[in-house]
Amino acid sequence: MPLIKAESLKVGTLRELLRERDLSTKGTKAELVTRLIEGAGTDEFDIEDESNELKLLRDVVSSLAATVESLSKKIDSKSEKHNSDIPKKIVSDDHFNHSHSIRDIVELLPDFEPTKTSSLTAKAFIQRVRQLATAYNWNEAAVVFAVQTKLNGPAKLWFDSCGLIFENLKDFAEALESEFPHVENEADIHFRMSSYIRKPTEPVIDFFYRVYAEGRKGQTSDATIIQYIRRGLNHGPLQNAIAPLNFQTTNELLDAVNRFLANRQRLPEASQRKPENDGHFEPIKKLTATPVKNANRVCYNCFKPGHISVNCPQPQRLERCAKCSKTGHTTEFCKSVLPASRNINQVVSDGVPDQVSRETGRITKNILLDDMVVDAFIDPGSDRTLVRESVARNSIPCDPIILKGFAGGSFVCDKKINPVITIDECVVNAVIYVVNDNLIPNALLLGSDVLLSKNRRMIIDSDGCRFETIKPLNIKPETELSSNEKRQFNEMITEFRQCFAETIPEMGRCQTKQMDIQLIHDKPIQSRAYRIPLAKRQVVDRIVQELLDNEIIRYSNSTYSSPIVLVKKQNGEDRLCVDYRAINEATRKRPYPMPTVDEIMSQIADSTYFITLDLFSGYYQIELTESSKQYTAFITHNGQYEFNVMPFGLVNAPMEFQSVISGIIRQMKSKRVINYIDEVIIGCRDIAEGMDLLRELLTILKNEGLTLRPSKCTFFARKIEFLGHTVSENGIMPGTSTRNTNHLRRTKKEILWLWKTFRPQQANRTSWSQNIKVPI
């Protein structure tokens, strides 16, 4: 037979020759040829005629097909007989070998789709197939045949195009794992775990195992898994309970979670239940107990257990009503002669209408009453703060008042206490009225007289509620005001305190407007990240974390991305900026007229006093529509993020912001209010007019949800710098400020207006041109 060059042989022939020499069959054809020549020591081989090889291959395939068909018929014909003859308790391996058809094997095997995240990896897929084949003692040829039908997507295309026939599962596994390798990216695992947040209806244990499974899949440490579980629990009481605890393993965390859930669901009388040490718990059942009458009660007359004060054999410390034998009132004001309400959920003083609607949920908080910790029920709808008689100490008589609740229920109160209440960091000297224990659900009911006291505010969120002391604003008018005018001004600033923000958490959000970004095409825009020096990466991390904490940005998986740069501010600090030039080129521009200088200045030219207002990070107070957030995505060295609010750098941002401020000014009755982007000026002829205009504008800002930066606001100034001009009661002059005003643009009309306006007031043209700071 003629010798054939190795390069002329087909891949299948090359693999067969390599197997005969116990050499590897993986790789491209060139690699196989090289390996075969090196192993055999020659590049020519004695090969049978190709026609004979094809004939032999056809015979092998035909024989295999006939065998499979015969085996299938034999199994189908004898399946029923074997099922009836073989005992149910003991099933031999031979039974598994002959009672499963190829259709049964296909139904048991998992699918393999490499493009789906929920699909098994190639390695896990092969491992699962081998486990099933070993457990049921399947025929290897049948398994190889069946497993090929479970390939989907790219795997199916690969198998159809490779033209290979696999004789055993080992060769198939090597080829599949080589073609579809899987490398788990640690960054992707951390990103997914950081996005896990428990839904309100999701059980805590289910969330625990969801994060735990993801962490184990990525082979992360227990400390990392514990951190992500803590962060995403979305369960205020549980997070507060485990916050001071240090867990070394996830089993310890699971142990603490189960103990907490058990304590919340067990009744006070239930017996203690010990948790399992291995971290696995039986379902918690609701426990019941039969209460023993007066067994655990304490007498509030002699402070001894076993009886109540009304049956106390000792002399009564407090006078009791002759009608109901209770303390707290006299017979004249006994509530038995009045319609009784068993539960005062909302208490108002006599003559004050009940106008506050109640939600179904209750908010409770532990507070300090003098030196005693008590459980308080937060009720902003109540005009009065009430305390149970059993908790009140050093009570004193007071003028009787009638407290009214739901359904006309009333209670006559004639005692009070004057304690010091400490709520979080707020200290309040309160007047609290004493009521019977059965009238309020907790030891203390905090009403609006304490909750809404001066310079304090209550914040309610998913973690409960907290109280903060509102820092008074140090705002002083530029002009000396009379005592009456100063009092009116301070009262107005205090009334509209929520319109001013000194920190990012206090910043407001516009309630009537959202920015919408529209692109001219749907092709994703992905820009390459700029290199950030290693020394500056900590600065980027700090800025990004601050933006995340204040919900200005969020994590993103958008197909759009823009690079970031760090820019120095005038004070030397770094500012994080996003380069949106590529996004801006594809953005559909919004036509909105920007005001010109002469139009703006003419409206305040005859004013005596000026009020300038500057919004606190004005762009960040305008939210983006949900569909627009993906376009603002940017990349850093440690992840991708996108804005929840309007960022700097977008081509339509100035027009959007100008439209918001212009909409506010249009609501003003007076035309003496002007603006350019985020700077607003009120011109007035006297203090009284300025007070009225300021109150009107603050009212609109409050309704819109916008906030001002007090440090950049001036009130009742006689001279201001605005748009490169000095504006005063004497008129408009060229500005002397050195601030950068390159963003302004001069038209020919504006240049002519400047020339006609300012030339007569200057000594010569040279000095006039030197005073113009804005480029023309």
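Is Arg 695 buried, partly exposed or exposed? This is a predicted model, and in it Arg 695 counts as partly exposed, at 34% relative accessibility. The side chain of Arg 695 meets that of Glu 495 in a salt bridge, 3.0 Å from N to O. Glu 495 lies in helix α16 and Arg 695 in helix α21 (residues 687-704), so the pair ties together parts 200 residues apart in sequence. Glu 495 is also partly exposed, at 45%.

Stay with helix α16 (residues 483-495). Here Glu 491 and Arg 487 form a salt bridge at 3.2 Å, N to O. They sit four residues apart in the helix, so about one helical turn separates them. Glu 491 is partly exposed at 46% relative accessibility. Arg 487 is partly exposed at 42%.

Now move on to Arg 509. Its salt bridge partner is Glu 623, with the closest N and O atoms 3.4 Å apart. This pair links distant parts of the chain, 114 residues apart: Arg 509 is in the loop between α16 and β15 (514-515), and Glu 623 is in strand β20 (residues 623-624). Arg 509 is buried, because its relative accessible area of 18% falls under 20%. Glu 623 counts as partly exposed at 25%. Elsewhere, shared partners join Arg 554, Glu 626, Lys 629 and Glu 642 into one salt-bridge network. The structure holds 23 salt bridges.

Four bridges pair β26 with β27 (residues 725-728). Glu 721 has Thr 726 in β27 as its bridge partner.

Terms used. Residues numbered from 1 in each chain as written. Predicted model: local features only at pLDDT ≥ 70, side-chain atom pairs only at ≥ 80, totals over all residues. Heavy atoms only, no water. Pairing = 2+ DSSP bridges. Helix = DSSP H or I, 4+ residues; strand = E, 2+ residues; numbered from the N terminus. Salt bridge = Lys/Arg side-chain N within 4 Å of Asp/Glu carboxyl O. Buried < 20%, exposed > 50% of the residue type's maximum accessible area, 1.4 Å probe, protein only.
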